Amino acid sequence: MAETSEAEAAPSASPKGQTSGHKGIAPRVFWPSVIIVLAFVLISVIFPDTVAEIVGNIQDAVIGTFSWYYLLLVSVFVAFAIWIGVSHFGDIKLGPDDEGPEFGLGSWFAMLFAAGMGIGLVFWGVAEPLNHFAGIPNRATGIEEGTVAGAHDSILQAVLHWGLHPWAIYVVVGVAIAYAIHRKKRPVSIRYALEGVLGKKVNGWIGDVIDVAAICGTLFGVATSLGLGVMQVAAGLSFIDVIEEPNNLTYVILIGAITTAAVVSVVTGLKKGIKYISNINLGLAAALLIFVLIAGPTLFIFRDIVQTFGDYLQNILQMSVNTTAYSGENGTEWQGWWTTYYWAWWISWAPFVGVFIARISRGRTVRQFVAGVLLVPTLVAIIWFCVFGGTALYRELFGQGGLIGVDEEGAATVDTNTSLFGLIDGMPGGTVVIVGAIILIVLFFVTSSDSGSLVVDMLASGGDPNPPTWSRVFWGVAEGAVAIALLLPGEDSLSTLQLVAILIALPFSVVMIGMCVSIWREFSAERRAALRAQRRMQRDELADHVTSSLVDAGVVDDPETGDDGKVKA
């Protein structure tokens, strides 16, 4: 392949048909995104109940109708991601052939993990297995109540939701975008991941619609996570008696602090703020993991990790396509709470995480990308849930319990916001560790917010990988403002925004199918070109060898010399 000069290393921010407008923005993407976000926020604040009812009904209809589609499609993404990694396509470099990775392995993994789902693992590491074990919302999957088998199945179910499947979604989007921006030198934009299918149409209104939807989905998703996250942080502060019952002022202060830190981080850029905070996050998360491993039932945890890993590999196919079809309405409700909800949520986050991972993966091969994005996080998820969820379930089965409660009607309850703190509180030095866990949660939200702001800004700036500072600040503040605006009237408005982000997943899933087709076409074309170049080189080498042999044998004259043996002019 042709070499790329340093000047060509960064993709152009102004492709034909998508030029940056006034002060570094792409008007056809920037302004529609701003208008849609502002309009939805205003309507949700003014008419919260009506909007919540409409969006809720649409979401229920989507879950009830398309749950089988989500489960089948995401399973196909897993197979597709593994295939491109292990096939001859895995040798394709996501960048110039002679260029190494832009970021070291440790920093690269820290950033992709922090942006992808680090905060989710901290939030759900204890709470999700407890919810499955408690039978919330029901037992449509057949997880037994109060038994060792039920506890183990609860861990497996959580690992399914955080293992290969969500990361395969990110692989599909990430590889498609990374190939476009690093190999073909396209701007940082979702649209160019479909160039192998749409051709030059990506520069028109279709491309604009895709990028606007990606911006809105990313902003809604990050703002929702920010709003829900500060509720957990506030619950943690209340748990250790730093504050009394959290109120709106508490939430506003926390969102303001996290947003300020995120804005500072995104302004300093990838190689400073975002990189450093991600590395700190990974270190704190590892420290918390090791603490619970040592303070908890250590031998049990090691045995559980090995057993869960084996059972996950053995049962992954059956669990991947378990639509709970024979459980009737309970099955539909359970899917809406868990697997189908998760798959839609991960797809809605795929534009954000995919663009970000693509941006930081310059210089890696497709095989390295798939191994780093698909396999390593899955292994981390297994270890994480066995350490945290396994310790919590061990406490419920063989210890003092107390993490699963009962409501007035006798139904099992789990306090999702405080489950992690409740688990740590029963360990040596619990209060100090809880403070560290709260700091970790805050920093994880900072990395999610700054990564999301950078992605939105790149898309709204016409694909500029280094967008102007003012727009970075604008989108960072916008995320915090949206979270505050929807959290103040009550949690219902924030939940409505979350459902809207998830609803965007349905049309974007079609875009992802197009990405798979585009990847296959683009990779196949490059492979054919590489094979043609290889055959041409082999023919040339063979011709040189035959000619040299004939000259040495005196059969023909040396084409480079005359009869007198002198080199011709």
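Visitor: Let's start with salt bridges. How many does the structure hold?

Guide: The general idea is a side-chain nitrogen of Lys or Arg within 4 Å of a carboxyl oxygen of Asp or Glu. This predicted model holds 11 salt bridges. One of them pairs the side chains of Asp 91 and Arg 367, at 2.7 Å from N to O.

Visitor: Which parts does the pair of Asp 91 and Arg 367 tie together?

Guide: Asp 91 sits in the loop between helix 2 and helix 3, while Arg 367 belongs to helix 14 (residues 366-398), so the pair ties together parts that are 276 residues apart in sequence. Arg 367 counts as partly exposed, at 33% relative accessibility.

Visitor: And where do Asp 97 and Arg 183 lie?

Guide: Their side chains meet in a salt bridge too, at 2.9 Å from N to O. Asp 97 is in the loop between helix 2 and helix 3 and Arg 183 is in helix 6, so this pair ties together parts 86 residues apart in sequence. Asp 97 is partly exposed at 38% relative accessibility, whereas Arg 183, at 12%, counts as buried.

Visitor: Which residues do salt bridges with shared partners join into one network?

Guide: Begin with Arg 191 and Asp 211, whose closest N and O atoms are 2.8 Å apart. Salt bridges that share partners join Arg 28, Arg 191, Asp 208 and Asp 211 into one network. Both Arg 191 and Asp 211 are buried.

Visitor: Now the backbone. What should I know about phi and peptide bonds?

Guide: Most residues other than glycine have a negative phi, and most peptide bonds are trans. Here, Asp 241 has a positive phi near 65 degrees, and Thr 324 has a positive phi near 50 degrees. Asp 241 is in the loop between helix 8 (205-239) and helix 9 (248-268); Thr 324 is in the loop between helix 11 (298-320) and helix 12 (328-337). There is also a cis peptide bond between Ile 136 and Pro 137, with omega about 5 degrees.

Visitor: Is Asp 241 buried or exposed? And is Thr 324 buried or exposed?

Guide: Buried means under 20% relative accessible area, and exposed means over 50%. Asp 241 has 67%, so Asp 241 is exposed. Thr 324 has 5%, so Thr 324 is buried.

Visitor: Last one: which residues form a nonpolar patch on the surface?

Guide: Look for Leu 42, Ile 43, Val 45, Ile 46 and Phe 47, which together have about 480 Å² of accessible area. Ile 43 lies in helix 1 (residues 27-46) and is partly exposed, with 44% relative accessible area.

Terms used: Residues numbered from 1 in each chain as written. Predicted model: local features only at pLDDT ≥ 70, side-chain atom pairs only at ≥ 80, totals over all residues. Heavy atoms only, no water. Patch = residues over 30% accessible without salt bridge, like charges linked within 9 Å, V, L, I, M, F, W, Y side chains within 5 Å. Areas by Shrake-Rupley, 256 points an atom, 1.4 Å probe, with all protein chains shown as cover. Helix = DSSP H or I, 4+ residues; strand = E, 2+ residues; numbered from the N terminus. Buried < 20%, exposed > 50% of the residue type's maximum accessible area, 1.4 Å probe, protein only.
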